[in-house]
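Colleague: Could you take me through this structure one feature at a time, and show me how each kind of value should be read?

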Amino acid sequence: MVVNGRLERLGSRRFFLALILWIHSRMLRQVLHEGLRTSFHKLGHFVANHPVFFASAPVVISILLGASFSRYRIEENVEYLLAPKHSLAKIEGNLVDSLFPVNRSKHTLYSDLQTPGRYGRVIVTSRRGSILEPQYVDLVLKLHRTVTQLQVPMLRFNYTFNHLCLLDDAKNCIVDDIIHALAETQGARASNRSAPPLRYPITSLRDGREAYIGHQLGGVQPSASGRDGVRVARALQLTYYLHAASPLNEMVAARWELAFCATLERFGRQHPELALYPFTSSSLQRDFQRTSRVSEQPLLFSLVVCLALAVLCCSMRDCVRTKPWLGLLALVTISLATLTSAGIFNLVGGKYNSTYLGIPFVMLGHGLFGTFEMLSSWRRTREDQHVKERVAAVFSDCLLPFTASTALHLVTFGIGASPFTNIEAVRLFCRNACLSVLFNYLYILTFFGSNLVFAGYLENNYRHSLFCRRVPKPELLQQKPAWYRFLMYTQYNEGPASEPDMHAYESHLLVAFMKRYYCDWITNTYVKPFVVLFYLVYVSFALMGYLQVSEGSDLSNMVATETGTIAYMRAQQRYFSSYSPVIGFYIYESIEYWNASVQEDLLEYTKGFERISWFESYLNYLHGLNVSTSLPRSNFTERLRSGFLRQPRYLHFSDDIIFARRADGDFEVVASRMFLVAKTTENKREEMSILLDTLRKLSLTSRIKFIIFNPSFVYMDRYASSVGAPLKNSCIAALFLLFFSTFLAADPLVNAWLAVTVASVEFGVVGFMTLWQVELDCVSVLCLIYGVNYAVDSSAPLVSAFVLGREHSRTRWVKLALERHGVPALQSYLCYGAALLPVAAVPSNLTGTLFRCLFLTMLITAFHCLAILPVLLTFLPPSKRKKRERKRGGADAREEMECVEMVDSTRVVDQITTV
C-alpha cells in the first residue's frame, strides 16, 4: 500500500510538472509571437514616417546596380553545369587521360572514348532507298571532299581540314573507316570488279584491319546471303576531328565549325535527295543558351499579361478604395528586386545560363503573395484611423507569416546552394534564388510599403485613385453629369467606426464572390463528401505517377526544340540506337596475361559484347600459328612485341598496350585497353546506366583491376542521386524548420498542418509531372524545391487564421479565414497562372519543363488551399469552443454597455456601443 501511494504521488507530480511545462511553453510562444508583431508594428510606423526615402532608395539602388550589365557573360561549358561534379566517371576519365593521352589515341574510336575537343559531325540519310546505293555513295564521298576542302580565312591564311585535323602515325588525317569502305566500293565499281562485302557492326578493310562501324552506319538490315553483311542502310554518320592545342587553333577550329554547318546547309539545298543533320562540339552549348533568346518575347508578354491582371485584381467600383496603382507597383517591386540581384550577380563575376529563367517566377510567386496579403490586410483596417496607424497594423498583421515564409525560402534554397549539391546548375540557381528572394522581401517592406502609405493618404483624403482628384460629397456629386458620377463613385463614411467596414469593399468582384458564394458553397454539408472523394482520386493518380518517376539525364531536355541539336539527336536515336557507344575497358595494373585462368576471366568479362580487342586478336594469332596461349611470361610478351604488333593488320593495336621494362631487362604489359560495344534497344540510356552499374560492381569483386569509361558516363554517373539530393535536403530542412519554429508559432498545430500540406502538394506535383511526361532532371528538381515554399506561402495565412481563432465554430472560422486570406490567394493564383501561360509557347524543352512543373505547383496548391484545407479543417483538429451565453435571472440576456475610447493622431472620440 505504501508503494502504491508513493507511485500515485509520483504520477501526480509528473502530471502537474508536464502541465506546468506545457503552460510555460505556451506562454513563451505567445510572448514571442506578440513581441514579433509589436516589432513589425514599429517597423510599419518607421516606414510610414519616411515614405519618400523608402520609395526612392530601392529605385536608385536598382538603377546603379543595373549599370553592371556591361559585365554580362554567358557560361559556355555545358558539362560544368549539368554533369555531376563529384563522380567516379570523372576520376576514371582522368586516369584514362593519364594512361592513354590524346596523342596515343590516334584511331577511329577516339571520339567515343575520350572527350574529343573540337569536331564536326553529320548524319546523312537518304530520302528514298538505301544510303549504300551507288548514287548515294557518290554523293557521300562528294560531301566528304567538300568538307575536307572547306577553307577558313584567318590572319591572311586559308585554313582547311588538312591543317586542323588529327594525324595518325603516317601523318595522314584521321577519317572514319566508313569513308575508306565506301571509297573501296566506289573504286571496285569503277574497275568492274566485285567489292568486298560490308559487314556490320565489325567489317574488314582492304589492309586486313578490322574496324567497328556500328556508330557510323545506321538503320541497317542484314543481307540474307551473309551473316553480318549489310543489305540496306538508311544513315551514315561522319565525324571530323580537329586539333585545337593552341589558342590560335582554338579560334580557327571554332570558325571551322560554323563554316562546317553553313556548308552542309548549302549542300543539302543543292542535293535535296539527302537529309543532313549537322552537329559540332559547340552545338549543345549554343542551343542550350538559345533558350534565353527565344524566351525574350514570351517573357515580356508574360509580364504584360500579369501586370494587366494584377491591376484588374486590385481594382473595384469604388474610385477611392480601388488600388490599381498598387497592383502595378507590386510588379514594379518584383522587377526592381530582380534588377538589383542581377546587378550584384554581374558585379561578382557570375555567368548566366538558361536555367536562370526560372528565378523571375520564383520571385513572382513569393512577391505576389506578400503584396496581395498586405492589400487585403489594408481593407480590414479601420478607415477612421490615421494612415500611419493603418500601415503599422498591416505590417503587424502580414509580415510575421511573410517573414517566416521568406526564411523558409532562404533555408531551402540555401541548402541547395551548399557545396553538398553535386549539380553545378542547381547550386548556382539556388544561390541566385536566395539573393533574389532576400531583395524581394526587403523591397516589399520598403518600396511597396511606402507606396501603400501614399495610396492610404489618397484614400483618407477621398481622392480618386487614378486622377488624384478629390471626390465631391454625395450631395454635390448628384449635380454632376452621369459620366462624372460614374467615374467619381465612392461610398462616403465620415462617421467614426469601431470596426472596419467591410461592406465598402464588397463592390470588389473577388471579395464579393468569396464572401457571398464560395465560402457557403465549400462548407456545405453536401459538397464536403465530393471534395474528399476528389482528393482521394487526386492521391491515387499522384501515386500512379510517383511509381513511374524516371531520371532525365538526356541533354536534349535542356535545349531549344527547333534546333540542330534536337534534329541530330532524334536522327541518332532513330538510326543509331542498335548499339551502345564504344566503351573503353582499361586494365590499369600488370596482370598475368599468359595465365590460362586469367585469360578465361578476361574472355568471360567481355563475353556478349562486340569486341575490338588486342588480347582476343593476339590469342587468335597464336592459335593460327598452332602455338599454345599459355606461354611463359617472357615468351608471351616477346611474341606480342616482336611478332603480333609488327603485322600490318595488327599495327594499330600498339596504341592500346603500354609496355615497361622490368629490373631483369624483360618487358611486361603494365596497362592495356580493349573496346566493347553492347547491343541496345530504344531505351539506350537506361540500359547504359544498368550496364555501367553492373560492370562497376564486377570491377570491385574481380581479381583483374579494370575500369570502364565513356564520356557519356560523366552525365549518367550518380545523376539520379545528384539531382535528387538537393530536393531531399531542402525538404528535410523545411520540415526541420517547421518543427523547430513551433516554439515561435502561437500554436504548434499551425506547423503540423503546414507540414501535411507541403507533403501532399509535393507528392502530387511529382506524380502528375511524371504523368505529363516530365522527367526528374535539374530543372524539375528546382521547381520541386520551389514548390515547398510556394505551398507554405499560400497556406500559412489561411491555416494560421483558422488555428488561432476562438469563440466560433469550425465552419465559421473556415469562412472567416477564406474571407480574409482566400481573396489574396486567389488573386495570386490568377496572376501567377496568367504569367506562366506565355511560357508554354516558348520552343524549348527547358521552358516546357519549367512551365509544366510550375503550373502544376500552382494548380495543386490552389486546390489544397481553396478546397481541401477548408473542408478538412471543418472536422479535424484543432477544435473550437463555442461561446456560451450566460443567462442571469429570467429568460432575457442582460445587455452590457461598454465605453470605448478611440485615440489616434487626429481626434479623440467617445463612442457608446451596445454589445
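**Reading the backbone, the sheets and the core**

Modeller: Let us start with a loop: Pro201 lies between α8 (177-190) and β4 (202-204). Everything that follows refers to a predicted model.

Colleague: Then let me turn to phi: what is the value for Leu155, and where does Leu155 lie?

Modeller: Leu155 has a phi near 55 degrees, which is a positive value in a residue other than glycine, and its place is the loop between β2 (152-154) and β3 (157-159). A second case is Tyr462, again not a glycine, with a positive phi of about 55 degrees; Tyr462 is found in the loop that runs between α15 (424-460) and α16 (474-477).

Colleague: Are Leu155 and Tyr462 buried or exposed?

Modeller: The reading rests on relative accessible area, with under 20% taken as buried and over 50% as exposed. Leu155 is at 65%, and therefore counts as exposed, whereas Tyr462, at 10%, counts as buried.

Colleague: How should I read Arg390 on that scale?

Modeller: Arg390 has a relative accessible area of 0%, so it is buried, and its place is in helix α14 (residues 387-416).

Colleague: Which residues is Ser780 in contact with, leaving aside its neighbours within four places in sequence?

Modeller: On that basis Ser780 is in contact with Met769, Val774, Glu775, Thr849 and Cys853. For the protein chain as a whole, buried residues make up 52% of the 915 residues, and among contacts with a separation of 6 or more, 76% come from residues 24 or more positions apart.

Colleague: Which residues have the most contacts inside the largest nonpolar core?

Modeller: They are Trp256 and Tyr832, in a core of 249 residues. Not counting residues up to four places away in sequence, Trp256 touches Gly120, Val147, Leu150, Val152, Phe161, Leu164, Tyr240 and Leu242. Apart from this core lies another one, of 8 residues, including Cys319, Val320, Met488 and Tyr492.

Colleague: How many residues of strand β14 are buried, and which strands pair with β14?

Modeller: In β14 (residues 667-677), 9 of the 11 residues are buried. Strand β11 (residues 583-587) pairs with β14 in the antiparallel sense over 5 bridges, with Phe585 opposite Met674. Strand β12 (residues 610-612) also runs antiparallel to β14 and is joined to it by 3 bridges, Ile612 having Phe675 as its partner. Strand β13 (residues 657-661) pairs antiparallel with β14 over 5 bridges, and Ala660 is the bridge partner of Glu668. β13 and β14 form a hairpin with 5 residues between them, and Gly665 in the turn has a positive phi of about 95 degrees.

Colleague: Where does the pLDDT stay under 50?

Modeller: The chain averages a pLDDT of 83, and 86% of the residues score at least 70. It stays under 50 over residues 108-112, for which the model has 22 contacts beyond four places in sequence. Over residues 882-915 the pLDDT is also below 50, and that stretch has 38 contacts in the model beyond near neighbours in sequence.

Conventions. Residues numbered from 1 in each chain as written. Predicted model: local features only at pLDDT ≥ 70, side-chain atom pairs only at ≥ 80, totals over all residues. Heavy atoms only, no water. Core = buried A, V, L, I, M, F, W, Y, C linked by side-chain atoms within 4.5 Å. Buried < 20%, exposed > 50% of the residue type's maximum accessible area, 1.4 Å probe, protein only. Contact = heavy atoms within 4.5 Å. pLDDT = per-residue confidence, 0-100. Helix = DSSP H or I, 4+ residues; strand = E, 2+ residues; numbered from the N terminus. Pairing = 2+ DSSP bridges.
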